[in-house]
Amino acid sequence: MRIPFIAGNWKMNTTATEAEKLVIEMLDNLDRIKGVEKVLCPPFVSLVAINMMLQDSFIKLGAQNMYFEIEGAYTGEISPLMLSELCEFVILGHSERRWYFGETDEIVNKKVKAALANTLQPILCVGERLEENEAGRTEEVIDRQVTAALNSIEPVSNLVIAYEPVWAIGTGKAASGEQATATIQFIRDVLTKLWDKSIAQDLRILYGGSVTSANIAEFISHPEIDGALVGGASLKAGEFVNIVEQAAEIKGRTRTK
Ligand code: PEP
């Protein structure tokens, strides 16, 4: 059974003081919600403090990126070993990393390997750009990104994939539940081809791109969609708690049918 999963990607938002305030605002209400794995991904500079704040809670912590080497002369980088003391998860291959910082499929592959080798669970992001979508190339792009990211990696169960169409991220133009479902089914086909059917059915695949409390139901009510990676809306405590509440309620209801 795939446990529903909602992660908040705070991106490059919140000072350390603001981040702690945001956690205080959402902690109790978020912690009370059962049946959903809840993950906060604040900026690196807040990981230590938030790790301490979450000690007695059921809320988990993730980083937004990392380098693939363990240690050494890589000024300004953060290693998987450093993160492994603080977090369970790390977002890898986010489209903002791919397009603003030139992360290639090969780099993403090295990062996925390094995360897994250091007990971090990758939240691997894949998604097509608008022009690729309009040219009918979504499946080709997704196939390439998933296959390359998992190149020479043995089947693993500690991996989450987020389908995030680039045209939907931060634009207010979310995909439809049907569009997201079709691509997520396709990702399961790619995983079946790469690994096997049972692992493809077991891995959680999320939708991400302009998810809010007003549209989460559209995604979460599809059995193929296991949750969401939430950007902008995760920066408002009430909004994020509401998204997680709806996910718990809808997945709980559809499961008992
Ligand atoms: C994201 O950062 O992964 C994201 C989906 O952002 P937003 O929800 O703001 O579109």
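**View 1. Ser152 in the loop between H7 and E6.** In this predicted model, Ser152 is placed in the loop that runs between H7 and E6. Although Ser152 is not a glycine, its phi is positive, at about 50 degrees. Its relative accessibility is 59%, and Ser152 therefore counts as exposed, the cut-off for that class being over 50%.

**View 2. Ser210 in the loop between E7 and H10.** Ser210, a residue other than glycine, also has a positive phi, in this case near 60 degrees, and its place is the loop between E7 and H10. With a relative accessible area of 17%, Ser210 is buried, since buried means under 20%. Ser210 is also listed among the closest of the residues that surround the ligand, which is the subject of the next view.

**View 3. The ligand and the residues around it.** The ligand is surrounded by 14 residues, of which the closest are Lys11, Glu164, Gly170, Ser210 and Gly231. Sorted by class, this shell holds four nonpolar, eight polar and two charged residues. An oxygen atom of the ligand has a polar side-chain atom of Lys11 at 2.9 Å, and a polar side-chain atom of Glu164 lies 2.7 Å from an oxygen atom of the ligand.

**View 4. Helix H7 and the elements packed against it.** Helix H7 (138-149) has twelve residues, and the distance from its first C-alpha to its last is 16 Å, close to the 16 Å expected at 1.5 Å a residue. The buried residues of H7 are Thr138, Val141, Ile142, Gln145, Val146, Ala148 and Ala149. These buried residues pack against the helices H4 (95-100), H5 (105-117), H6 (130-134) and H8, and also against the strands E5 and E6.

**View 5. Helix H8 and what covers its buried residues.** Helix H8 comprises 18 residues (residues 177-194), which at 1.5 Å a residue should span 26 Å, and the 25 Å between its end C-alpha atoms agrees with that expectation. Buried in H8 are Gly177, Ala180, Thr181, Thr183, Ile184, Phe186, Ile187, Arg188, Val190 and Leu191. The cover over these residues includes the strands E5 (121-126), E6 (160-163) and E7 (204-208), together with the helices H7 (138-149), H9 (197-202) and H10 (216-220).

**View 6. Arg2, a buried arginine ahead of strand E1.** Arg2 belongs to the segment before strand E1 (5-9), and because its relative accessibility is 17%, Arg2 counts as buried. A polar atom of the Arg2 side chain lies 2.6 Å from the backbone oxygen of Gln201, while the side chains of Arg2 and Asp226 are joined by a polar contact of 2.8 Å.

**View 7. Arg204 in strand E7.** The residue shown here, Arg204, is part of strand E7 and is buried, its relative accessible area being 12%. Its side chain makes a polar contact of 2.6 Å with the side chain of Glu37, and a polar atom of that Arg204 side chain also lies 3.0 Å from the backbone oxygen of Ile3.

**View 8. Leu83 in helix H3.** Leu83 is located in helix H3 (residues 80-84) and is buried, with a relative accessible area of 2%. Apart from neighbours within four places in sequence, the residues in contact with Leu83 are Phe44, Leu47, Ala63, Asn65, Met66, Ile78, Val90 and Leu120. Leu83 and Ala115 are 32 residues apart along the chain, and their C-alpha atoms are separated by 9.1 Å.

**View 9. Ile107 in helix H5.** Ile107 has its place in helix H5, and at 28% relative accessibility it counts as partly exposed. Leaving aside neighbours within four places in sequence, Ile107 is in contact with Phe68 and Gly102. Between the C-alpha atoms of Ile107 and Pro155, residues that are 48 apart along the chain, the separation is 19 Å.

Notes. Residues are numbered from 1 along each chain as its sequence is written. This is a predicted model: local features need pLDDT of at least 70, side-chain atom pairs count only at pLDDT 80 or more; totals for chains, interfaces and linings use all residues. Side-chain values use heavy atoms; hydrogens and water are left out. A residue is near a molecule or strand if one of its heavy atoms lies within 4 Å of it. A polar contact is a pair of N or O atoms within 3.5 Å; within protein, one must be able to donate a hydrogen and the other to accept it, and residues adjacent in sequence count only if both atoms are side-chain atoms. Ala, Val, Leu, Ile, Met, Phe, Trp, Tyr, Cys and Pro count as nonpolar, Asp, Glu, Lys and Arg as charged, and the others, Gly among them, as polar. Helices (H or I, at least four residues) and strands (E, at least two) are DSSP runs, numbered from the N terminus. The expected span of a helix is 1.5 Å times one less than its number of residues. Buried means under 20% relative accessible area, exposed over 50%, partly exposed in between (1.4 Å probe, protein chains only). Contact means heavy atoms within 4.5 Å.
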